[in-house]
Number of protein chains: 2
Amino acid sequence: MSRPKAVVLLSGGMDSATTAAIALRHGFDVHALTFRYGQRHHVELEAALHVAAQLSLGRHVVLEIDLRAFGGSALTADIPVPKDTPIDEIGQRIPDTYVPGRNAIFLSFALGWAEVLGASDIFLGVNALDYSGYPDCRPEFIQAFQAMADLATRAGVEQGRRLTVHTPLIALSKREIIEQGLALGVDYGLTLTCYDPSTEGAACGRCEACILRLKGFREIGMEDPARYQTVEGKA
Amino acid sequence: MSRPKAVVLLSGGMDSATTAAIALRHGFDVHALTFRYGQRHHVELEAALHVAAQLSLGRHVVLEIDLRAFGGSALTADIPVPKDTPIDEIGQRIPDTYVPGRNAIFLSFALGWAEVLGASDIFLGVNALDYSGYPDCRPEFIQAFQAMADLATRAGVEQGRRLTVHTPLIALSKREIIEQGLALGVDYGLTLTCYDPSTEGAACGRCEACILRLKGFREIGMEDPARYQTVEGKA
């Protein structure tokens, strides 16, 4: 019997790589969807391609969507990426790296592709514990998206085939995410989490994404295998 | 005092042109969002540009999204557009012109742009009366999208600024839509509703979109000012 198909949203970061490995472990035939939407196209895309290859994922679709046409975020406009935020302040206020509509847009594309593929499962690596407070990473947003998705598709209306959004990391700490990923064989040296990497793909070590990632590695007493621009990046 | 901003999804068809005119009439400063996603880029985009110019809309963003990477629809893959469907069968079964995830994708982009613009209102010309039965044109889908949107944005979470999706045509017949649009000065000769137009932008007169549109013009006893490939198109 062939494995059921699933779509995973793959950014090339630590969380989505771990999520893809979890979907594989659940027995899915995993297909990856990656978006190029910001300013740092090349290095992020390369990380996603490497992760997909390492995990031997199925089809990998890379879609270019020009969110710079809207702007409004440090990831899609000439707004500085916040650096050196004290760790206990992360998540207290939504920072400028928030991209308006991002997860609704990404999940809606995943919904469309899953329907075409005949997949009933979508995996998204959002996390609402060690995170920057983005509204569209919270469980209540995911539940509302699910309710919308149940009414959106021909699969749901005519065939009773519900498309389910899975967020296996949503309640995990970064430490727990890394532990799961390592157990599943994820090579974190291939992943790029940073909001402001160099053109060669070295992480800055100072943005919120880097701070949370490095905290996770520090907590398990392991050096992050990713490349950093400064020694601060190292555990 | 400056007018409040709104985003209208503008396809270049009859319904979205009418919706834009309604948003203007309500006093909004109307900005248009158009997607190029299928195979008939050129003529559809031209219709949207002409409508935006005729109505003197504000900014007009045209986003290219490659839904052909997914396929699965007569509008995004090499699947024939259904023709000559008996009018009483239209809407009974979801036809192959259904594009998986389309309105969730379009509305999610509108949500993101509205948040960046500082707009609190989004207008979408869906219609659930004289329509092809698409699941994502129904009131229950729109309500579920609204519930999701309420949880998705920084505007909603930090500023209590709810983004509202308006669907002023949802319960109107095609006849009523045309009557409203004519009263508001819409030039339907600029609009392109057809799913299978010629490369010069002449409508086929035989797809479901053309059949429903022509029925509306017939009911008010007016000749459709759009160009058709055949005489059948004329009232």
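This is a predicted model: local features need pLDDT of at least 70, side-chain atom pairs count only at pLDDT 80 or more; totals for chains, interfaces and linings use all residues.
1. **Sheet of chain B.** Five strands make an open sheet, and the order is E3-E2-E1-E4-E5 (chain B). The pairing is parallel. Strand E3 (60-64) and strand E5 (164-166) of chain B are the edges, each pairing on one side only. Neighbouring strands are turned by 25° against each other on average, direction ignored.

2. **Strand E1 of chain B and its partners.** E1(B) pairs with E2(B) in the parallel sense, over 5 bridges. Strand E1 (residues 5-9) of chain B is also joined to strand E4 (residues 121-123) of chain B, here by 3 bridges. These two strands run parallel as well. E2(B) itself is mostly covered, with 6 of its 8 residues buried.

3. **Helices over the chain B sheet.** H1(B) lies across E1, strand E2 (29-36) and E4 of chain B. It runs at about 170° to E1(B). Helix H3 (residues 102-117) of chain B lies across E1, E2, E3, E4 and E5 of chain B. The angle of H3(B) to E1(B) is about 160°.

4. **Sheet of chain A.** Chain A has an open sheet of 5 strands in the order E3-E2-E1-E4-E5, with parallel pairing. The edges are strand E3 (60-64) and strand E5 (164-166) of chain A, and each pairs on one side only. The twist from one strand to the next averages 25°. Strand E2 (residues 29-36) of chain A is joined to E3(A) by 5 bridges, and the two run parallel. Within that pair, Leu33(A) stands opposite Val61(A). Helix H3 (residues 102-117) of chain A lies across strand E1 (5-9), E2, E3, strand E4 (121-123) and E5 of chain A. H3(A) runs at about 160° to E1(A).

5. **Contact between the chains.** Contacts link 36 residues of chain B with 36 residues of chain A. On the chain B side, the elements giving two or more residues are E3, H3, helix H4 (139-152) and helix H5 (154-159). Which element gives the most to this side? H3(B) does, with 9 residues. By type, the side of chain B that touches chain A divides into 23 nonpolar, 7 polar and 6 charged residues.

6. **Nonpolar core.** The largest nonpolar core has 156 residues. Those with the most contacts inside it come from both chains: Ala20(A), Ala110(A), Ile122(A), Ala20(B), Ala110(B) and Ile122(B). Ala110(B) touches Val7(B), Leu9(B), Leu33(B) and Ile122(B), leaving aside residues up to four places away in sequence.

7. **Helix H6 of chain B.** In helix H6 (residues 174-183) of chain B, the residues Lys174(B), Ile177(B), Ile178(B) and Gly181(B) are buried. Viewed down the axis of H6(B), its buried residues fall within an arc of 95°, so they line one face of the helix. What covers them includes helix H1 (14-25) and helix H7 (208-219) of chain B. After H6(B) comes Gly185(B), with a positive phi near 85°.

8. **Cys194 of chain B.** Cys194(B) sits in the loop between H6 and H7 of chain B. Is Cys194(B) buried or exposed? It counts as buried, because it has 29 C-beta neighbours inside 10 Å, and the cut-off for buried is 20 or more. Cys194(B) touches Ala203(B), Cys204(B), Cys207(B), Ala209(B) and Cys210(B), again not counting residues up to four places away in sequence. Met14(B) is 180 residues from Cys194(B) along the chain, yet their C-alpha atoms are separated by 9.7 Å.

9. **Ser56 in both chains.** Most residues other than glycine have a negative phi. Ser56(A) has a positive phi of about 55° although it is not a glycine. Ser56(B) likewise has a positive phi of about 55°. Ser56(A) is in the loop between helix H2 (41-54) and E3 of chain A. Ser56(B) lies in the loop between helix H2 (41-54) and E3 of chain B. Ser56(A) counts as exposed because it has 8 C-beta neighbours inside 10 Å. Ser56(B) also counts as exposed, with 8 C-beta neighbours inside 10 Å.

Terms used
Residues are numbered from 1 along each chain as its sequence is written. Chains are lettered from A and ligands numbered from 1 in the order in which they are written. A residue is buried if 20 or more other C-beta atoms lie within 10 Å of its own, exposed if 12 or fewer, and partly exposed in between; C-beta atoms are placed from the backbone. Helices (H or I, at least four residues) and strands (E, at least two) are DSSP runs, numbered from the N terminus. The arc is that of the directions from the helix axis to the C-beta atoms. Two residues are in contact if their C-beta atoms, placed from the backbone, lie within 7 Å. Two strands pair if DSSP finds at least two bridges between them. Axes are lines fitted to C-alpha atoms, for helices over the stretch in contact, and angles run from 0 to 180 degrees between N-to-C directions. Ala, Val, Leu, Ile, Met, Phe, Trp, Tyr, Cys and Pro count as nonpolar, Asp, Glu, Lys and Arg as charged, and the others, Gly among them, as polar. A nonpolar core is a set of buried Ala, Val, Leu, Ile, Met, Phe, Trp, Tyr and Cys residues joined through C-beta atoms within 7 Å.
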